[in-house]
Amino acid sequence: MSIFVDNNTRLLVQGITGKEGQFHTQQCAAYGTNVVAGVTPGKGGQKMDDIPVFNTVLEAVAQTGANCSMIFVPPAFAADAIMEAADAGVDIIVAITEGIPVMDMIKVKNTMTGKTSRLIGPNCPGIITPGRCKIGIMPGPIHKPGGPVGVVSRSGTLTYEVVHQLTLQGIGQTTCLGIGGDPVNGTNFIDCLDAFEKDPETTGIVMVGEIGGTAEEEASEFIKQQVTKPVVGFIAGLTAPPGRRMGHAGAIISGSSGTAQAKIEAMKASGIHICENLGMFGELCSEVFL
Amino acid sequence: MKIHEYQAKELFKKYNIPIPDGGVAFNPDEAKKVAENLGQFPVVVKAQIHAGGRGKGGGVKLAGSIDEVSGIAEEIIGMNLITHQTGPQGKRVNKVLVEQGLNISTELYLSMIPDRATAKIVIMASQAGGMDIEEVAASTPEKIIKVFIDPLIGIQPFHCRQVAFGLNLSSSVMRPFVSMLASLYRLFIDYDCSLVEINPLVITAEDAVIALDAKMDFDDNALYRHKDIIEYRDTDEEDPLEVEASKFHLNYIKLDGNIGNMVNGAGLAMATMDIIKLAGAEPANFLDVGGGASAEMVENGFRIMLGDRNVKGILINIFGGILRCDVLAEGVVHAAEKTGINVPVVIRMEGTNVEQGRKILAESGLSLITASDMKDAAHKVAQLVAG
C-alpha cells in the first residue's frame with residue numbers, strides 16, 4: 001500500500017556524519033525508518049548513534065543488506081555519491097542535496113541508463129510512506145497514515161503545504177514524494193503516476209508542478225492515456241516573469257516553453273482537477289477524493 | 001550567470017573559435033584607439049549589455065571613419081537602451097565593443113544547451129541566421145537542425161557532419177566549420193555552460209567562418225569550479241537589491257508589484273506570489289530564504305524587501321520544516337527593532353515549533369497581522385490592498 005519504500009526498506013545514509021546528515025538520520029530513525037548503515041569515506045569503523053559507518057557504499061551494502069540510500073553529500077561531491085550507490089546496486093537512491101551542477105547530473109543520468117537503481121531527486125525533500133518510513137527532510141507529523149491519496153511534487157515546502165491541507169481534511173496519504181526542482185533529475189512524474197496507478201491502496205493522486213520544462217505536459221498526456229484514478233493538480237508560478245530562475249534551477253520560463261498557463265491548460269485537457277487557489281486545495285481534494 | 005559579448009569572445013579566442021578583430025571601450029577615446037588599431041573601415045560599434053535585440057534598439061552602429069566612431073560611441077555609452085529583452089525601463093550602456101566590419105556572404109544560427117528531457121547536450125543550428133530564432137522555431141521548426149550529444153561519448157566527427165550538411169555548407173568551409181564546432185563543444189563542457197549562442201555565425205566572402213556575436217550563460221551551481229568566470233560578473237547589469245540579497249545568500253528577484261513576500265522554499269514562494277495576485281494585488285518580489293535560514297538571513301531579507309519603495313505591504317509565509325518558526329519569529333522581531341517597519345505585515349506560520357514562534361511574535365509588542373492559513377493570508381492581503 002505504498003510506492004517505492006515500505007517496511008522492508010533498509011536505509012543507508014551517505015554523508016551520515018555531517019551536521020545535516022546526522023540530524024535528519026536521527027529524525028528518520030525516530031519516525032520508524034530502519035536505518036542500517038552510514039557511509040562517510042575515511043570514517044569507516046565509527047558509529048553514529050548505534051549505526052555502523054562504512055568507507056564505501058559497496059561495503060555497507062555487503063555488510064548490512066541496505067537497499068535504499070539517502071544522500072546528504074555536498075553538491076560538489078554528490079554526483080559521485082549517486083553513481084557510487086548505483087554502482088553498488090542500491091534499489092532506491094534519494095538525493096536530498098541542492099545545487100548539483102547540471103553537467104554533473106547529465107553525466108549521472110547517462111551513467112544510470114540500464115542500471116536497476118531508481119534515483120529520486122536531487123534537490124528534493126525525499127519520500128515518505130506515512131506511519132511506516134520516512135526517507136528525507138519533511139516534517140513527519142503533518143502526514144496522515146493509511147491513504148488513500150498519493151502525492152508527487154517538484155517542490156519541498158509546497159508539498160508540505162498540500163499534504164498538511166489533505167491531513168486537515170482527514171485525507172490520509174499512501175506515499176508522498178518530491179522529485180526535485182532541478183532541470184535534470186531521476187524519477188519523473190510519469191514514473192510516480194504509473195506506480196500510484198498500479199498501487200491498489202492508492203485511489204487518488206495529487207500532482208504538484210511548477211514553471212519550467214515540459215514534465216507536466218508529458219505527465220498530462222500519460223494521465224489521459226493510462227491513469228484511471230482521479231488526479232488533483234496545482235502549478236506554481238503563474239506570476240513568474242520569463243527568463244528569471246525562480247529559486248529552483250529548473251524553474252525558469254525560457255522562450256515560450258515552461259509557462260504555468262500552458263501546463264494548466266494541458267492538465268485540464270487531460271481531465272485533471274486543477275486547483276487555482278492554493279488556499280482552497282484541501283476543500284477541492286475533499287470534493288474530488290471523498 | 002550571464003556575461004557580456006566581449007567577455008564571451010575572449011573565451012572564444014582562448015578556444016580558437018574565430019571572432020572579428022576588435023576590443024572593448026569604456027569611453028569614446030578608447031573606442032577611437034581600438035578603431036585606429038584596427039586600421040580599416042567600416043567598423044562596428046556594439047553596446048555591451050546583458051540583453052539581446054541590441055541592433056533593433058539602436059545599440060549597434062556602423063562607422064566609416066574615426067570621427068564617426070567617436071560620435072557613435074559618445075551616443076551609445078550612457079544611453080538607456082530599450083530592447084524586447086530589457087523590459088520597458090531599458091538598460092544603461094556603460095561600454096561598447098568596437099570590431100572590424102566583415103564582408104558577409106551567409107548568416108547562420110548556432111547554439112548549444114543542456115536538454116533537460118533527454119539529459120544530452122543539444123546543438124541547434126539553422127540557415128535562418130540573424131533572425132529571432134524563437135520565431136523561426138515557432139513558424140518553421142523544420143528549418144532548425146538538432147543534434148543530441150551524449151556527454152559520456154562527447155562530440156564526434158559525425159555529429160559535426162550532421163550539422164554541417166544540414167546547413168548546406170559548401171565544401172570549402174566544411175573543414176573550418178567542423179573544427180570550430182568541436183572547439184565550441186569543448187568550451188561548453190569545460191565551463192559548465194547553460195547556453196552558448198552565436199547569432200549570427202557568418203561565412204565571409206573569403207570563406208572564413210566567424211562568430212559575429214557571442215552569448216554565454218553559465219550554470220550558477222557550477223561557478224565554484226570556474227573562478228575566472230566569477231571575475232566576469234558585472235553587478236551594474238543586476239538590480240541593486242538583488243546584488244545586496246546575493247551577499248546574504250538570499251534568493252531574491254525584484255518584480256514590479258507592491259506586496260513584498262518572504263517565503264521558505266521556491267515552490268511555496270511562487271505559489272505565495274500567485275495567491276497575492278489572486279487577492280487582487282501584485283507581488284513586489286520573489287524571496288526564498290531557503291530551508292536552513294538563520295534569524296540573521298530573515299532580518300536581511302526583511303530589510304531588502306523594505307528597500308523597495310513600491311512595497312505597500314508584506315506577506316510572510318513560512319512552512320517550518322528545517323527552518324523552525326521560532327527562528328523566523330526572532331528574525332522578524334530583530335528586523336522590526338533595527339529597521340522599523342512602516343508597512344503592514346501579514347504573517348502566516350505553520351510547522352516545526354509554530355507555537356513558540358507565535359508566542360515570540362505575540363510578546364514582541366509589534367503590530368503584526370497573523371493569518372491562520374493560506375486562505376486567511378490571501379484574505380488579509382486583499383484587505384490590505386483594499387486599504
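1. A quick term before the tour: two strands pair if DSSP finds at least two bridges between them. With that in hand, look at chain A of this predicted model. Here 7 strands make up an open sheet, ordered 3-4-2-1-5-6-7, and the pairing is mixed. At the edges sit strand 3 (47–48) and strand 7 (118–120) of chain A, each of which pairs on one side only.

2. Strand 3 runs antiparallel to strand 4 (residues 51–54) of chain A, and 2 bridges join them.

3. Now for strands 1 and 2 of chain A. They pair in the parallel sense over 5 bridges, and Val13(A) stands opposite Gly38(A) in strand 2 of chain A. Strand 2 of chain A has 5 of its 6 residues buried, so it is largely enclosed by the rest of the structure.

4. Which residues of helix 8 (residues 260–269) of chain A are buried? They are Ala260(A), Lys263(A), Ile264(A), Ala266(A) and Met267(A). These residues cover an arc of only 165° around the axis, which puts them on the same side of helix 8 of chain A.

5. Staying with helix 8 of chain A, the face turned away from its buried side carries the exposed residues Gln261(A) and Ala269(A). What covers its buried residues includes strand 12 (204–210), helix 7 (215–226), strand 13 (231–236) and strand 14 (273–274) of chain A. After the helix comes Gly271(A), with a positive phi near 85°.

6. On to the nonpolar cores. The largest has 200 residues, and those touching the most other members are Leu11(A), Ile71(A), Ile82(A), Val90(A), Ile93(A), Val94(A) and Val381(B). Helix 9 (residues 266–278) of chain B gives the most to this core, with 8 residues. Leaving aside residues up to four places away in sequence, Ile82(A) touches Ile71(A), Ile93(A), Ala95(A), Val108(A) and Leu119(A). There is also a second, separate core of 23 residues, including Val24(B), Ala25(B), Ala51(B) and Ala63(B).

7. How do the chains meet? The contact takes 48 residues from chain A and 46 residues from chain B. On the side of chain A that touches chain B, helix 3, helix 4 (102–112) and helix 5 (157–168) of chain A each supply at least two residues. Helix 4 of chain A has the largest share, 7 residues. By type, this side of chain A divides into 23 nonpolar, 19 polar and 6 charged residues.

8. Finally, chain B as a whole. It has 13 helices and 18 strands, and its C-alpha trace spans about 80 × 50 × 40 Å along its principal axes. Of its 387 residues, 48% count as buried. Among contacts in chain B between residues at least 6 apart in sequence, 69% join residues at least 24 apart.

Terms used: Residues are numbered from 1 along each chain as its sequence is written. Chains are lettered from A and ligands numbered from 1 in the order in which they are written. This is a predicted model: local features need pLDDT of at least 70, side-chain atom pairs count only at pLDDT 80 or more; totals for chains, interfaces and linings use all residues. Helices (H or I, at least four residues) and strands (E, at least two) are DSSP runs, numbered from the N terminus. A residue is buried if 20 or more other C-beta atoms lie within 10 Å of its own, exposed if 12 or fewer, and partly exposed in between; C-beta atoms are placed from the backbone. The arc is that of the directions from the helix axis to the C-beta atoms. Two residues are in contact if their C-beta atoms, placed from the backbone, lie within 7 Å. A nonpolar core is a set of buried Ala, Val, Leu, Ile, Met, Phe, Trp, Tyr and Cys residues joined through C-beta atoms within 7 Å. Ala, Val, Leu, Ile, Met, Phe, Trp, Tyr, Cys and Pro count as nonpolar, Asp, Glu, Lys and Arg as charged, and the others, Gly among them, as polar.
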